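Have the viewer open while you read.

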Amino acid sequence: MNGSSRPRPESGLELYAWLFMRVSGVALLVMALLHLAIMHVINNIEVINYQFVARRYLTPFWRTYDLVMLWLALLHGMNGVRTLVDDYVGPRGWRVISLASLYVLAFIFLAIGSMVILTFHPAGQ
Amino acid sequence: MGAGLRALMVKPHEYFTYRGGPGHWSWILHRVTGVGVFLFLLVHIVDTALIGWGPDLYNKAMALYRHPVFRVGEVLLAGAVLYHALNGVRIIIIDFWPQATVIHKKLFYAVGALFALIYIPTAIYMLDFLLK
């Protein structure tokens with residue numbers, strides 16, 4: 001065992017999923033670590049409140065940044081959990097139920113997250 | 001799934017006894033940190049969504065996050081993201097440059113060293129509030 005990942009799939013959807021994990025992974029390395037540095041190290045929960053977010057969302061830059069990060073992270077995580085279901089959930093019925101729940105859950109959270117980022121309008125502005 | 005295939009599946013205790021080399025540990029950590037970050041992402045989407053209900057509710061939610069338990073959790077979360085990111089790079093290197101399998105142990109120790117180098121000072125800085 002050399003600590004590599006699953007072998008590269010030959011073709012089709014599995015190959016695209018495999019490739020997506022690597023491309024989104026690199027993008028998230030930059031985006032999520034920068035997000036952590038800005039929101040959890042340079043700033044922190046002591047200063048983050050409604051006003052902080054309102055100011056941050058005045059310009060489209062951070063909204064776009066957060067939206068792209070949300071989609072990449074959620075799809076990356078969803079595909080990761082799909083891999084775990086493939087590995088650990090044996091019976092066919094349970095697999096179908098697990099995967100269906102996973103996709104519904106991911107869709108709902110993508111919808112909620114996108115809606116918040118796109119429709120947030122600071123009170124009194 | 002047939003009985004033959006089932007016999008090949010890893011049983012829970014084997015996650016800690018099987019092999020146990022760097023390759024095995026890096027793989028376990030990648031899965032555990034991945035699931036942890038994913039679960040927090042779901043929580044984070046919900047807490048951010050509260051902003052739609054105005055300043056009162058959102059500020060109350062943020063006040064909850066100021067509890068020391070959450071602040072320590074935040075430091076653990078940062079560690080999970082950092083490890084997952086660095087180990088992900090190691091996986092990509094091995095995927096696209098098969099010769100790297102020869103030095104896979106060195107690569108794992110490099111991930112560990114880089115992680116410690118970045119994480120230890122960051123964690124100390126983030127936990128500084130405990131001393132105030």
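Predicted model: local features only at pLDDT ≥ 70, side-chain atom pairs only at ≥ 80, totals over all residues.

Let's begin with chain B. Its secondary structure comes to 6 helices and 0 strands, and reading along the sequence gives the pattern α-α-α-α-α-α. Of the 132 residues in chain B, 19% are buried. If you take the contacts in chain B between residues at least 6 apart in sequence, 67% of them join residues at least 24 apart.

Now for the place where the chains meet. Chain A puts 33 residues into the contact and chain B puts in 43 residues. On the chain A side, α1, α2 (50–56), α3 and α4 each supply at least two residues. The largest share of that side, 8 residues, belongs to α1(A). Sorted by class, the side of chain A that touches chain B has 19 nonpolar, 11 polar and 3 charged residues.

Two packed helices are described by the angle between their axes and the distance between the axes.

| Helix pair | Axis distance | Angle | Crossing |
|---|---|---|---|
| α4(A) and α3(B) | within 9 Å | roughly 40° | left-handed |
| α1(A) and α3(A) | 9 Å | about 130° | left-handed |

Take the pair that spans the two chains. With axes crossing at roughly 40°, α4(A) and α3(B) are therefore oblique to each other. From α4(A), the contact uses A:Phe109, A:Ile112, A:Gly113 and A:Val116, and these meet B:Leu42, B:Ile45, B:Thr48 and B:Ala49 of α3(B). By class, that contact splits into 6 nonpolar residues, 2 polar and no charged.

The other pair sits within chain A. At an angle of about 130°, α1(A) and α3(A) are therefore oblique to each other as well. Counting classes here gives 11 nonpolar, 5 polar and no charged residues.

In soluble globular proteins, nonpolar side chains tend to be buried together. Here, the largest nonpolar core has 21 residues, and those with the most contacts inside it are A:Ala32, A:Leu70, A:Ala73, B:Val81 and B:Leu82. The elements that give two or more residues to this core come from both chains: α1 (12–42), α3 (60–88) and α4 (92–119) of chain A, plus α3 (22–49), α4 (55–65) and α5 (68–96) of chain B. The largest share, 5 residues, comes from α5(B).

Finally, have a look at B:Lys132, in the segment after α6 (104–126) of chain B. Is B:Lys132 buried or exposed? There are 4 C-beta neighbours inside 10 Å, so B:Lys132 counts as exposed.

How values were computed
Residues numbered from 1 in each chain as written. Chains lettered and ligands numbered in written order. Core = buried A, V, L, I, M, F, W, Y, C linked by C-beta atoms within 7 Å. Buried ≥ 20, exposed ≤ 12 C-beta atoms within 10 Å, placed from the backbone. Helix = DSSP H or I, 4+ residues; strand = E, 2+ residues; numbered from the N terminus. Axes fitted to C-alpha atoms, helices over the stretch in contact; angles between N-to-C directions. Parallel < 35°, antiparallel > 145°, perpendicular 65-115°, else oblique. Left-handed = near helix turned anticlockwise from the far one by under 90°. Contact = placed C-beta atoms within 7 Å. Nonpolar A, V, L, I, M, F, W, Y, C, P; charged D, E, K, R; others polar.
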